[in-house]
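This briefing is written for a reader who has the sequence and the coordinates at hand and wants a guide to the side-chain packing. Please keep the structure open while reading.

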Amino acid sequence: MAIAPRLEVRQSQSLVMTPQLMQAIKLLQLSNLDLVAYVDAELERNPLLERNEGDDAPAGSGEGETAGADRGETGEGSGDDFSGGETTGEPGSRETAGDEGGPDMAGSDDGSEWIGAEIDREPGAVAEKLDTDFENVYQGDSQADAVPDPGALAGDPWQQGGGRGAALSEDYNLESFVAEEETLADHVSAQMTLLLTDPADRLIAGNLIDNLDEAGYLRTSVGEVAERLGADPERVAAVLTQLQTLEPIGVFARNLAECLRLQLQEKNRYDPAMAALLDNIELLAKRDISALKKLCRVDDEDLAEMIQEIRALNPRPGSAFGSVLVQPMVPDVIVRPGSDGGWAIELNSDNLPKVLVNQTYYATVQKTARDETEKAYLTDCLQTANWLVKSLDQRAKTILKVATEIVRQQDAFLTHGVQHLRPLNLRTVADAIGMHESTVSRVTSNKYMATNRGIFEFKYFFTSAIASSEGGDAHSAEAVRHRIRQMIDQESPNAILSDDTIVTMLKSAGIDIARRTVAKYRESLRIPSSVQRRREKRR
């Protein structure tokens, strides 16, 4: 066969990820907070998008045709039973707050029409209208000072804003009056400036302060700081020793033992026996009392007192400063008991961003487009806005459909508790609602459901199956973990349950499970071994 260049025509099919499809997939896996941030960025970038704020919308914002909105409507029973779809209206169909003001309220934008009105400066007229003397109204002021000059008011933005209250209303922010919370770095820095006077030592101390974590521990070594600043390691160590005397006692420690040692030294309770205890603090965590008595060379009574002193110390001295603001967990779906004995599933519409496409504004601006570049920009903005609205609406439908199927599968859990949680995987839900597993996986990512038993992440309801020893229905791994916790909580101090004993009890209850699986579940629940529990409960 001759090798030569030639042209061939081939017909094939391929799946192309368009930008619109990639956007829809991205929106599907975003959490509510990330979705709001994404929509805010689109609102700033696209002039055809606007918020759907209902009666709170400013005048003139609702003059256009609404192409759609991501509504948080409700549905019961199934994923298709909800009205969160696209809405379409005629131009000018959305009424806005402020349209009822009438022609008298439609003044000029600068608010200065009232300034040009004639002001009666006669004292008799003012006294007659106010039913009192002129001096009683403007005490200590002359007549000229009492009545303002319209010309002077015209250039005064304070007066044009409608007085003191109106001037403050625009920029008034109550949060600006809240006292700033002092952080650990601020607290330590204020003491450091009084402790150290040498500029080089202050520079080293500032670098050490920057490496403190929230608990007050130093998350760097002396050698790293010395190398970073080009300083002598001995000088860095000396500065660190001085910083360890600051309040709260225990800050700038590099491990738990050093943190406790600093606090004991402050109380003058650091002796050789206590030093031996801190050097072997891991044995204290294991409740190995006999080994500690040998190492510390003390009896039971002295060791008990030493342990009591250790427990009275603060292992996180910096936690009292600058607490991190915890973002509350806001559910995406709310599940309530229905009147018919079932469950009512609805989207949390308060957290869903609602956007509209202003078709009237698009038509108006398109008429003034001067060239093809501007027309192409407006067309692209319109297509992007319409697709965003449709993607938000489809996202709401998909979340509601997946949540409805999860509730249907886990009805026993909602009714009776975690011990009745069924094993569930993504394929089961995907086959039930006619979607791909990857779509269900994206929906369950960073989504939460509020139920009568608390707020749970969607992924909580998907657990692996553990076979039944009697050939019946499989058991959920989460339900088995819950049963192991109950068994250990109810055990007697004189009859501590070992992992083998737990396996025997679970098999007698119809759960076929291995000992290593019990150990793995116990460790995931942060439950110590039977040896450690026996030592702890005997004390």
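Over the ring of which residue does the charged end of Arg481 sit? In this predicted model, the charged end of Arg481 is placed over the ring of Tyr521, at 4.9 Å from the ring centre.

**Aromatic pairs**

- The count of aromatic pairs comes to six, and one of them is the tilted pair of Phe413 and Tyr460, with 6.1 Å from centre to centre and 55° between the planes.
- Because Phe413 belongs to helix 20 (residues 411–416) while Tyr460 lies in the loop between strand 7 (454–457) and strand 8 (465–466), this pair ties together parts that are 47 residues apart in sequence.

**Nonpolar cores**

- The largest nonpolar core has 29 residues, and those with the most contacts inside it are Val333, Val335, Ile345, Met449 and Phe458.
- At least two residues of this core come from each of strand 3 (333–337), strand 4 (343–347), helix 19 (372–409), helix 20, helix 21 (426–433) and helix 22 (437–443), and helix 19 gives the most, with seven residues.
- Once residues up to four places away in sequence are set aside, Val333 touches a list of residues that includes Ile345, Leu347, Ile399, Ala403, Met449 and Phe458, and also Glu346 and Asn348.
- A second, separate core holds 21 residues, among them Ala205, Leu240, Val251 and Phe321.

**Helix 14**

- Helix 14 (residues 272–279) is mostly covered, since six of its eight residues are buried, namely Ala273, Met274, Ala275, Ala276, Leu277 and Leu278.
- The partners against which these buried residues pack are helix 13, helix 15 (281–285), helix 16 (289–296) and helix 17 (300–311).

**Gln244, a buried polar residue**

- Gln244 is found in the loop between helix 12 (233–243) and helix 13 (256–266), and with a relative accessible area of 9% it counts as buried because the cut-off is under 20%.
- The side chain of Gln244 makes a polar contact of 3.0 Å with the side chain of Glu258.
- Beyond its neighbours within four places in sequence, Gln244 is in contact with Val251, Phe252, Ala253 and Arg254, as well as with Glu258 and Leu262; of these, Val251 is also one of the residues of the second core.

**Cysteines**

- How many disulfides does a search of the whole structure find? The search finds zero.
- Cys259 counts as buried at 0% relative accessibility, and Cys296 is likewise buried, with a relative accessible area of 6%.

How values were computed. Residues are numbered from 1 along each chain as its sequence is written. This is a predicted model: local features need pLDDT of at least 70, side-chain atom pairs count only at pLDDT 80 or more; totals for chains, interfaces and linings use all residues. Side-chain values use heavy atoms; hydrogens and water are left out. Helices (H or I, at least four residues) and strands (E, at least two) are DSSP runs, numbered from the N terminus. Buried means under 20% relative accessible area, exposed over 50%, partly exposed in between (1.4 Å probe, protein chains only). A polar contact is a pair of N or O atoms within 3.5 Å; within protein, one must be able to donate a hydrogen and the other to accept it, and residues adjacent in sequence count only if both atoms are side-chain atoms. Contact means heavy atoms within 4.5 Å. Rings of Phe, Tyr and Trp (its six-membered ring) pair if their centres lie within 6.5 Å; planes under 30 degrees apart count as stacked, over 60 as edge-to-face and the rest as tilted. A charge sits over a ring if NZ of Lys or CZ of Arg is within 6 Å of the ring centre and within 35 degrees of the ring normal. A nonpolar core is a set of buried Ala, Val, Leu, Ile, Met, Phe, Trp, Tyr and Cys residues joined through side-chain atoms within 4.5 Å. A disulfide is a pair of cysteine sulfur atoms within 2.5 Å.
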